[in-house]
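Hi everyone, thanks for coming. Please have a look at the sequence and the model on the screen, and then we'll walk through a few parts together.

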Amino acid sequence: MVLAVGFALWAGLALWVRKPGGLVVGRALLVLWLVVACFFLAGFFLPWPAARPASAGLFLCAVVLVLVWWAAVRPSNDRDWIADVAQQTQGMVDGDLVTLENVRNFHWRSADDFDARWETRVYDLRGLQSTDLILSYWMHPGIAHALVSFGFGEDRYVVFSVEIRRKKGDKFSTLGGFFRQYELSVVAADERDILLVRTNMRGEDSYIYRVPMPPEAMRSLFLAYVRRANRLVNRPRFYNTITANCTTIIFKMMNRIVPGLPLDYRLVASGYLPEYLYDLGALEGAGSVAEYRSRGRYTERALAEGDTPGFSAAIRRGVPGIALQEGCTEPARPGGAQ
């Protein structure tokens with residue numbers, strides 16, 4: 001009985017979110033499902049013994065139809081996407097050289113006004129020098145979008161971001177992320193695009209953390225992002241709020257490089273990732289999580305710098321662990337190609 005009630009609730013939410021056949025048809029199907037589920041439950045709790053077989057049979061038929069419908073909900077790369085996820089990053093590896101196609105480098109004037117630019121860039125993994133975790137908060141302190149920026153020296157960076165691939169007209173919904181509402185995408189982008197738009201155009205609060213890694217581990221993580229992006233081009237996948245989001249994808253890739261990383265609720269509550277990394281001893285240059293947060297917060301620095309060649313250097317100024325490895329006082333050079 002508990003299983004039946006749980007499935008009835010899950011199916012009701014799935015029909016509410018997905019709206020099969022459009023809003024009117026979807027709501028009609030939801031009402032019909034609720035009537036069938038209530039009839040089934042009533043057959044057990046009300047004194048209608050004769051109705052129980054009929055209600056159970058009707059409910060079982062409805063369950064089969066819901067499961068058939070759900071199995072037919074398949075991910076696709078062929079939809080009317082919003083502009084900032086319209087293209088898919090993919091890469092070709094030739095020894096130490098990685099050619100990335102569709103690196104996003106938009107010029108943003110506001111959250112809705114921009115020049116769309118998708119570029120091809122070549123990165124030499126022998127020049128890979130740093131890995132930074134960026135967390136950008138837009139709602140609850142426990143919820144943040146996680147991005148990883150790879151540095152190639154002389155203020156050349158490329159950011160990988162696991163993104164929800166929204167269709168035109170879609171609004172973000174945490175609930176929708178449980179019910180195959182969005183596809184998954186890996187976007188490679190210039191910092192003056194994907195980081196600047198979050199702080200300067202969308203009003204998000206952003207933090208950067210230097211994560212020291214051996215060169216081979218940095219290389220492996222970079223290539224893992226490339227493989228993940230290529231896989232999504234060839235085999236689309238749905239985003240999931242719990243199992244396939246911006247943080248859990250990073251964890252799965254890192255766990256292949258450093259096996260045995262502990263599972264933790266902070267992999268879902270991504271706003272608390274700094275505490276997770278601190279507990280693992282993965283941060284250097286400060287004595288507490290509070291200090292990391294305080295010095296890593298770059299929102300004001302991004303707003304003050306704006307879309308200038310010095311953006312990447314400005315957001316790293318004073319960040320724990322970075323000054324030990326690289327100077328951040330010189331202006332960044334335009335572009336990110338090697």
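Let's begin with a question: in E8, which residue is the bridge partner of Leu147? The partner is Ser161. Before going on, a word on the source: this is a predicted model, where local features need pLDDT of at least 70, side-chain atom pairs count only at pLDDT 80 or more, and totals for chains, interfaces and linings use all residues. Residues are numbered from 1 along each chain as its sequence is written, and side-chain values use heavy atoms, with hydrogens and water left out.

Two strands pair if DSSP finds at least two bridges between them.

Now, E7 (residues 144-151). Strand E8, residues 157-165, pairs with E7 in the antiparallel sense over five bridges. Five residues lie between E7 and E8 in their hairpin, and Gly153 in the turn has a positive phi of about 85°. Strand E6, residues 130-137, is also antiparallel to E7, with eight bridges. There, Ile134 has Leu147 as its bridge partner in E7. The hairpin from E6 to E7 runs through six residues.

Is E7 buried or exposed? Eight of its eight residues are buried, meaning under 20% relative accessible area with a 1.4 Å probe, protein chains only. In a regular strand, side chains alternate between the two faces of the sheet. On one side of E7 we find Ala144, Ala146, Val148 and Phe150, and on the other His145, Leu147, Ser149 and Gly151.

Technical notes: Buried means under 20% relative accessible area, exposed over 50%, partly exposed in between (1.4 Å probe, protein chains only). Helices (H or I, at least four residues) and strands (E, at least two) are DSSP runs, numbered from the N terminus.
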